[in-house]
Amino acid sequence: MKRIRFWGTRGSLPVALTASAVRKKIVMALRGASGKTFATDADAERYVEGLAFADAGTYGGHTSCVELETGGPEYVICDLGSGLRPFGNAALARHGPASPQTYHIFVSHVHWDHIMGLPFFAPAYIPGNRIFIYGSHSWLESALRRQQDAPSFPVDFSFLKADIQFQYLEPDQRHTVAGLSVTTMLQRHAGDSYGYRFEANGRSVIYTTDSEHKLDDPMETESYAAFFRGADVVIFDAMYSLADAVSVRADWGHSSNVVGVELCQLAGAKHLCLFHHEPSHSDQAIDAVLADTRRLEEITRTGQPLAISAAYDGMEIEL
Amino acid sequence: METSSRQFADVIVAVPVGRVDHHSAAALETALAPLIRTARTDKGVLVFDFAGIDYISSAGLRVLMVTAKELRAAGARIAVANLKPVVAEIFAISRFDRVLGVFPSVRLAIEQFSPAALAAFDAAQPTATQ
C-alpha cells in the first residue's frame, strides 16, 4: 500500500459549506492579512499556508468513501458514500471511458450514507469495467439493488452495465484481494457493521467506522486492540464526544475521539485518523476536536507518540 | 484500585485511589454499588473525591455516567471534586465537565448541596493548631 486518499469523510448525511461559513473564512483571512502585501501569487499562497485549516480550507461534506492506493493497477475503495461520485469522475478523467478498469469496493454496512454514491458512480454504467463489491452482510446485494428501485431512484440497478459481482467475506477470516490481505471484524451498530484490516508490504490500515464501543467489557476492548495491533493508520469513527456517546447518543452506533486514542494506544498503532465527522460540526468545531485529541494523546502517552489527524475530503496519507 | 467512603448527613463522599482504566473500572463499579443504593434510598448526594485519581479512561468515565443515571433516576445527585490537572483535562476533552458537576474541592461540592452535610463535614475536619 502506498497511500490513503479520502473522498468522503462526513457521517450520516452529506453537507455543504454555507454562504455565511465561507464569508466567515474570508473575514478571518482578511483580518490576518492586515498590513501585509502580496507581490505574487506565491506570496499569497505562503500566507494561506499559515492560516488555520478551518479558515483556509474545509473538511468537506461527502459521506464515507476512502481509497487505498496499492501501487497496483486496480482500485481499492472503502464504502460507497457520496464521495464515490468524485472518485469515479476522477478515475474516468484519468483513464477515459474506453479504458476498462477494475474496482474492489469494501462495504462496512448498508446504511444510506455508506451506499448512496453507487447510483452516481459513473464507471458503474460503462460496459467493460469490473466492479467487485465485498462485505459480510448477507443482504449487501439486495440493499444496493433496492436503493435504485422506483420510486426511490429513476435509474434501475439493471442500467449499471459494468460487470458487477458481489462477494461475501467471512468475518474474522483472512482474505486476499488485489494483493491485499483483508480481514473483517463485526462491530456494534444497528444492523451490524464490519471493520476492515488491510495489510500489504509490511503496512497495515484499519478502516473502522460506524462502530460503538460500550466500554463495559475489557475483553471486547482487548479484541479491538488486537484487531488494530501495530497498524500504520487507524481510520476511526469519532463522530461524538465521549460524554454524548455514553449518554444522550448511547446506542446510536458511533464512537468518540477519546476511545480512538485509547484503543490506538493499547494497540501500539502509529496514526489515528478521526473520521465520520458529525454533519452538524463546522470546520472550526472539527479543528477543535482535533486539537483536543492531540492534547489527550500527549497527556496520556505512555509509549511511542501516536500521530493524530482529522480526515478531510481530498486528504492523502502516505504509507 | 481502592475506594473508601465517608458519610456526612445526606452526602456520601467516595474516595477512589489509583488509575481507572478499562480493567480497573469494574472494581470501581463494584465498590460504588452499595453507595449508589444508599444515595438512591436517601435521595442524597454522591460526591467523588478524585484527589487520589491519577488517570481515568473512557471505561471509568462510563462508570460515572451510569452512576449519574442511576442516581438521577431516583432523585439523588452526583458531583466530582478535587480533579488533578491531567484528569481535569480528560474531563474537558471528553466533555464530561458539561454533564457532571465538577468542583474544585469536596467542601465546595457539599456546600452546593447540603447545609447539614457541610456542617458535619466541617466538624469532622482536624482543628488547626498554632
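Reply: Let's start with one term: a helix here is a DSSP run of H or I with at least four residues, and helices are numbered from the N terminus. Keep in mind that this is a predicted model.

Me: Where else is phi positive at a residue that is not a glycine, starting with chain A?

Reply: His276(A) has a positive phi of about 60°. This residue belongs to the loop between strand E12 (271-275) and H9 of chain A. In chain B, look at Lys43(B), with a positive phi of about 50°; its loop runs between helix H1 (25-42) and strand E3 (45-49) of chain B.

Me: Are His276(A) and Lys43(B) buried or exposed?

Reply: Counting C-beta neighbours settles it: a residue is buried if 20 or more others lie within 10 Å, and exposed if 12 or fewer do. His276(A) is buried because 30 C-beta neighbours fall inside 10 Å. Lys43(B) has 12 other C-beta atoms within 10 Å, so this residue counts as exposed.

Me: And which residues are joined by a cis peptide bond?

Reply: Ala150(A) and Pro151(A) are, with omega about 5°. You'll find Pro151(A) in the loop between helix H5 (140-146) and E6 of chain A.

Me: How do I read burial along a helix? Which residues of H3(B) are buried?

Reply: Start with the geometry: an α-helix has 3.6 residues a turn, so residues three or four places apart point the same way. In H3(B), the buried residues are Val87(B), Ile90(B), Phe91(B), Ile93(B) and Ser94(B). Their cover draws on both chains: it includes helix H7 (242-245), helix H8 (257-267) and helix H9 (283-300) of chain A, along with strand E4 (52-56), H2 and strand E6 (101-103) of chain B.

Me: How many residues does each chain bring to the contact?

Reply: Chain A brings 18 residues and chain B brings 18 residues. On the chain B side, the elements giving two or more residues are helix H2 (58-73) and helix H3 (85-94). That side is made up of nine nonpolar, five polar and four charged residues.

Me: What should I look for in a nonpolar core?

Reply: In soluble globular proteins, nonpolar side chains tend to be buried together. Here the largest nonpolar core has 122 residues, and those with the most contacts inside it are Phe228(A), Val234(A), Ile235(A), Leu272(A), Leu46(B) and Val47(B). H2(B) is its top contributor, giving seven residues. To follow one member, take Phe228(A): leaving aside residues up to four places away in sequence, it touches Ile206(A), Val234(A), Leu263(A), Cys264(A), Ala267(A) and Ala269(A).

Me: In what order do the strands of the seven-stranded open sheet of chain A run?

Reply: The order is E6-E5-E4-E3-E2-E1-E14, with mixed pairing. Strand E6 (163-168) and strand E14 (316-318) are the edges, each pairing on one side only. Ignoring direction, neighbouring strands are turned by 20° against each other on average. Strand E1 (residues 3-8) pairs with E14(A) in the antiparallel sense over three bridges, and Arg5(A) stands opposite Glu316(A) in E14(A).

Me: Lastly, how far apart are the C-alpha centres of the two domains of chain A?

Reply: The assignment gives domain 1 (3-17 + 58-318) and domain 2 (22-54), and their C-alpha centres lie 33 Å apart. Four residues of domain 1 are in contact with four residues of domain 2.

Technical notes: Residues are numbered from 1 along each chain as its sequence is written. Chains are lettered from A and ligands numbered from 1 in the order in which they are written. This is a predicted model: local features need pLDDT of at least 70, side-chain atom pairs count only at pLDDT 80 or more; totals for chains, interfaces and linings use all residues. Two residues are in contact if their C-beta atoms, placed from the backbone, lie within 7 Å. Ala, Val, Leu, Ile, Met, Phe, Trp, Tyr, Cys and Pro count as nonpolar, Asp, Glu, Lys and Arg as charged, and the others, Gly among them, as polar. Two strands pair if DSSP finds at least two bridges between them. Axes are lines fitted to C-alpha atoms, for helices over the stretch in contact, and angles run from 0 to 180 degrees between N-to-C directions. A nonpolar core is a set of buried Ala, Val, Leu, Ile, Met, Phe, Trp, Tyr and Cys residues joined through C-beta atoms within 7 Å. Domain bounds come from an automatic or database domain assignment.
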